[in-house]
Structure formats: structure tokens, C-alpha cells
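Hi,

Here is the structure I promised to pass on.

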Amino acid sequence: MLGILVVPSLVVTGLPTAWAQPAPAAPEARDPPPPLPADILKDAKVIAHGETLWKEQCTHCHGAKAYPGKAPKLEPRRYKPDFVWDRVHNGFRNMPPWKEVYTPEQEIAIVAYVLSDEFWP
């Protein structure tokens with residue numbers, strides 16, 4: 001004999017706990033980018049500072065000598081300044097946020113370098 005299962009308010013009790021799924025985590029709040037004026041991003045001193053920072057830290061995962069699969073190969077011609085800043089500042093997937101390590105000026109310098117003609121990972 002088949003019975004009818006009535007589910008009041010879509011709450012089912014007595015099911016194995018493996019069926020219960022936790023609620024998805026709320027998305028982490030991301031800090032918005034500061035103004036990123038073109039004249040700052042094109043400034044040779046800012047770009048040079050960004051290159052120094054890149055070589056000290058970023059190249060370990062994104063550089064030409066990083067082992068394959070450690071981090072994605074960067075394609076700066078496809079990026080906008082806000083995108084690069086967001087990834088550096090807030091992090092993304094396995095990349096940690098650098099907002100507790102770098103000052104806002106240093107983050108902007110990294111953005112300037114990555115988007116510059118001088119950039120070479």
C-alpha cells in the first residue's frame with residue numbers, strides 16, 4: 001500500500017541528517033575601490049614602485065617562474081583598474097586579500113604596474 005507524505009510548510013522531520021544542507025554563507029563584503037585616476041596610474045614613479053612591490057611578493061605566484069597551476073596567468077590587457085584593485089585588496093578564491101599588508105598607495109602602485117606597458121610577469 002502506498003501512502004501520501006504530507007509536508008507542512010516544507011519541513012520534513014525524521015530524514016537522515018545527510019539530507020540537511022546548511023544555508024549558503026552570505027557573500028563576504030568587499031571594500032569598494034578608491035578613485036583610480038588615469039594620471040596616477042600612468043605616473044612613472046608610481047609604476048616603478050608597483051614593479052618593486054610586484055617583484056617582492058606577487059611574482060612568487062603570478063610570475064613567469066611560478067610553477068604551473070599555482071595562480072592564473074595574468075592578462076592585463078583585459079583588465080580595468082577597479083578589477084585589479086579589487087583582486088589585490090579583497091583577494092579572490094585562493095588569493096588572499098592584501099589590504100592588511102599594503103597601504104592604499106601601494107595597492108594603487110601595483111595596479112599601475114600591472115596595467116602598464118612595463119608589466120612583465
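Before you load it, two notes on conventions. This is a predicted model, so local features need pLDDT of at least 70 and side-chain atom pairs count only at pLDDT 80 or more, while totals for chains, interfaces and linings use all residues. Residues are numbered from 1 along each chain as its sequence is written, and side-chain values use heavy atoms, with hydrogens and water left out.

**Overall layout**

The chain has four helices and zero strands, in the order α-α-α-α along the sequence. Helices here are DSSP runs of H or I with at least four residues, strands are E runs of at least two, and both are numbered from the N terminus. The accessible surface is about 9,500 Å², and carbon and sulfur atoms account for 61% of that; the areas come from the Shrake-Rupley method with a 1.4 Å probe, and for residues only the protein chains shown count as cover. If you take contacts between residues at least 6 apart in sequence, 65% of them join residues at least 24 apart. Contact means heavy atoms within 4.5 Å.

**Helix α4 and what it packs on**

Eight of the eleven residues of α4 are buried, so this helix is largely enclosed by the rest of the structure. The buried ones are E107, I108, A109, I110, V111, A112, Y113 and V114, and they pack against α1 (38-41), α2 and α3.

Two packed helices are described by the angle between their axes and the distance between the axes. For α2 (residues 44-62) and α4 (residues 104-114), the axes come within 7 Å and cross at roughly 95°. That makes α2 and α4 roughly perpendicular to each other. On the α2 side the contact is made by V46, I47, H49, G50, E51, L53 and W54, and on the α4 side by Q106, I108, A109, I110, A112, Y113 and V114. The axes are lines fitted to C-alpha atoms, for helices over the stretch in contact, with angles running from 0 to 180 degrees between N-to-C directions. Under 35 degrees counts as roughly parallel, over 145 as roughly antiparallel, 65 to 115 as roughly perpendicular and the rest as oblique.

Leaving aside neighbours within four places in sequence, I47 is in contact with L41, K42, A112, Y113, S116 and E118.

The buried residues of α3 are V84, W85, D86, V88, H89 and N90, and they pack against α4. After α3 comes G91, with a positive phi near 75°. R93, in the loop between α3 and α4, also has a positive phi, about 50°, although it is not a glycine. R93 is exposed, with a relative accessible area of 75%. N94 sits in the loop between α3 (81-90) and α4 too and is exposed at 80%.

**Aromatics**

There are five aromatic pairs. Rings of Phe, Tyr and Trp (its six-membered ring) pair if their centres lie within 6.5 Å; planes under 30 degrees apart count as stacked, over 60 as edge-to-face and the rest as tilted. W98 and Y102 have ring centres 5.8 Å apart and planes at 35°, so this pair is tilted. W98 is buried at 18% relative accessible area, and Y102 is buried at 10%. Y113 and F119 form an edge-to-face pair, 5.2 Å centre to centre with 70° between the planes.

One last item for your charge models: the charged end of R87 sits over the ring of F92, 3.6 Å from its centre. The rule is NZ of Lys or CZ of Arg within 6 Å of the ring centre and within 35 degrees of the ring normal.

Cheers

How values were computed:
Buried means under 20% relative accessible area, exposed over 50%, partly exposed in between (1.4 Å probe, protein chains only).
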